[in-house]
Amino acid sequence: MRSPHSGAWWLWALGLAVAASRTTNPALLAMIAVVAGFVAVHCRSSAPWSSAYGMFLKFGLVVIGIRLVFSVLVGGINGPTVLFTLPEIPLPDWAQGIRLGGAVTTEGLVYALYQGLQLATLLGCVGAANALADPRRLLKSVPTALYEVSAAVVVALTVAPQLAVSAKAVRRARVLRGDTAHGWRAIRTLLVPVLEDALDRSLHLAAAMDSRGYGRTAGIPRQTRLLTAALVMGGLVGLCIGAYGLLDAEAPVFIGGPVLAIGVVLAVAGLLVGSRRLRRTRYRPDRWTVPSVLIASSGALAGAVTVLAESFGDASLVPSTVPLELPDVPLLPTIGVLVALLPVFLVGEGRS
Amino acid sequence: MVVRRGYGTHAGTVTVRLLVTVLLAAAGIVVGAPTSSAAVCGGNGVTVVVDFGSLGGGVQTGCASGDPASGLTALADAGFGYTFPTRQPGFVCRINNRPGPDADPCVNASPATAYWSYWYADRGGSWTYSSLGAGNRDPRAGTVEGWSYGSGKAPTMAPPAKPAAPPAPTTPPAPPPLPPRAEPTIVPPLTLTPIAGSEPTSSTPPTTTTAPSSSSEPITTTGSSMSVTSASVASEVPQPQPVASEQKSGGSTTVIVAGVVVVALAVLAFITARRRRARDD
């Protein structure tokens with residue numbers, strides 16, 4: 001069986017990430033995290049970058065820890081139930097509203113935990129996508145009009161998987177030389193070589209693409225180039241202003257939907273104009289097979305159901321912390337997230 | 001039923017206490033305000049004035065004894081329960097579970113036309129809009145904190161002045177407030193039960209101090225504002241006493257089911273990861 005389209009994995013993961021970004025309910029977040037994790041460890045290939053998930057998982061745990069420590073030190077949200085009181089550092093008048101130390105409350109800690117869990121879950125979703133999708137094959141599907149920025153896109157998309165590959169290689173080389181450092185010392189000796197190696201690999205890839213004609217501008221009329229750039233830029237600006245207008249309840253109505261629509265039209269026009277100018281052939285192109293479509297739609301369903309539940313005013317998506325309440329499980333989003341387990345049944349173990 | 005019974009006993013004790021007050025006052029014995037539930041603080045402590053404004057319920061007062069660390073602590077110590085919006089905690093969107101969920105879902109910060117504004121004042125002074133959040137402002141002992149529902153207007157009741165040292169009750173003033181308090185004991189709780197049912201309990205039940213505010217009526221000078229209090233008390237005595245979370249039991253089973261699913265998936269993922277790592281090596 002052919003492995004699924006790389007874009008399908010990214011759409012699947014982004015759908016889960018959308019679901020995670022709409023909720024702070026710990027039950028739903030944990031569900032999203034384990035679904036993403038299980039699919040990642042089950043469906044990942046044996047390629048070197050597929051160990052990226054573990055890295056993201058550890059990073060997520062660190063994020064939760066940092067969020068909790070800061071909520072203890074700096075405070076922020078506080079409720080009536082005081083757990084313990086740290087000595088408070090007095091601050092001058094101009095720093096009013098900022099607090100160092102002071103009372104630590106259960107409600108504040110729970111709120112920080114929910115927020116940290118949300119960030120960690122988002123990281124887990126991105127980590128799963130990094131482990132599952134082949135970054136270089138994803139690049140094949142980048143629209144032609146984006147070729148001018150493709151080098152930047154490549155560096156951005158491949159740094160994390162390359163980091164995992166480099167970490168493995170550097171550690172292996174160290175072990176072969178008899179260096180069996182553990183813990184903090186190992187991190188200190190590994191950090192610089194790993195970062196350097198990962199960046200080098202990404203830059204090599206970008207250079208290779210450049211030499212093969214990615215983003216070339218020769219032979220294209222100046223007017224077409226300017227038109228494409230103007231259309232894409234205008235489209236992006238329209239998208240930004242439109243999204244802002246939609247999110248800001250105070251903004252005039254015409255700034256929201258219409259500007260967003262204009263932005264989309266401009267951006268699509270830019271992509272069409274840009275893609276007309278050069279032809280390319282693909283060797284063994286990725287196809288949107290039935291499993292790929294199913295994978296992408298299962299993730300998108302999880303996100304869509306959560307957004308829908310939120311628009312219907314499902315209060316359990318954001319459980320109250322002051323006063324503290326036992327979070328309820330939002331039924332519809334949970335079922336939607338469980339549907340995102342579908343790839344496990346579509347893709348055999350290690351076949352991705 | 002629970003609400004009504006609880007409310008009935010509450011009203012009963014209020015009536016008894018009032019009667020005792022009246023009798024003692026008539027007998028010429030000086031009665032100090034009850035200490036624990038004093039509506040307006042005696043000497044120290046922070047007096048909290050909550051103006052329910054358009055929500056109906058007039059102005060209620062409470063006393064946070066000692067020196068509370070923040071405006072929110074003072075509010076809670078004075079016997080008012082508060083709720084933060086779930087997405088933007090730090091604001092106060094409900095005091096004593098009001099406004100109800102239909103008026104303000106309490107997910108994002110309340111609109112500028114209908115929110116709880118936070119004020120402070122010296123005893124007998126005038127209200128100042130606080131430029132700090134209630135969680136960050138440390139009220140001085142012996143001052144007054146004000147909460148007013150609406151579009152940011154100061155509480156209608158002036159900050160209560162310091163009590164005159166030995167209050168001399170010259171006239172027996174209690175009889176007027178007595179009948180209106182006795183009447184609504186049977187009528188109104190129906191409108192309030194849905195709030196009590198749908199809103200889970202807060203950690204500090206709103207034990208509002210309606211009785212002493214009227215028993216200390218002869219002491220305070222601001223007669224007009226206190227009459228607002230007593231008139232509103234008549235319709236508002238049955239504070240929504242949040243019934244304990246009985247319906248939460250249904251929620252907790254789904255939480256347990258979800259927890260089991262999460263743990264099972266996590267274990268499955270862990271086993272798969274280990275097996276695959278062993279095979280790869």
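**Reading a helix, an interface and some backbone exceptions**

Author: At 1.5 Å a residue, helix H4 of chain A (residues 106–132, 27 residues) should span 39 Å, and its end C-alpha atoms lie 38 Å apart, which agrees. The expected span is 1.5 Å times one less than the number of residues. Helices (H or I, at least four residues) and strands (E, at least two) are DSSP runs, numbered from the N terminus. This is a predicted model, in which local features need pLDDT of at least 70 and side-chain atom pairs count only at pLDDT 80 or more, while totals for chains, interfaces and linings use all residues. Residues are numbered from 1 along each chain as its sequence is written, chains are lettered from A and ligands numbered from 1 in the order written, and side-chain values use heavy atoms, without hydrogens and water.

Reader: How many residues of H4(A) are buried?

Author: Buried means under 20% relative accessible area, exposed over 50%, and partly exposed in between (1.4 Å probe, protein chains only). In H4(A), 19 of the 27 residues are buried.

Reader: Which side chains meet in a salt bridge?

Author: A salt bridge is a side-chain nitrogen of Lys or Arg within 4 Å of a carboxyl oxygen of Asp or Glu. The count between chain A and chain B is 1: Glu310(A) and Arg87(B) meet at 2.5 Å, N to O.

Reader: What does Glu349(A) touch?

Author: Leaving out residues up to four places away in sequence, Glu349(A) touches His42(A), Thr272(B), Arg275(B), Arg276(B) and Arg279(B). Glu349(A) sits in the segment after helix H12 (342–346) of chain A and is partly exposed, at 27% relative accessible area.

Reader: Where are the cis peptide bonds and positive phi values?

Author: The bond from Val322(A) to Pro323(A) is cis, with omega near 0°, and Pro323(A) lies in the loop between helix H10 (290–311) and helix H11 (331–339). Another cis bond runs from Arg98(B) to Pro99(B), with omega near 5°. Asn96(B), not a glycine, has a positive phi of about 50° and counts as buried at 1% relative accessibility.

Key: Contact = heavy atoms within 4.5 Å.
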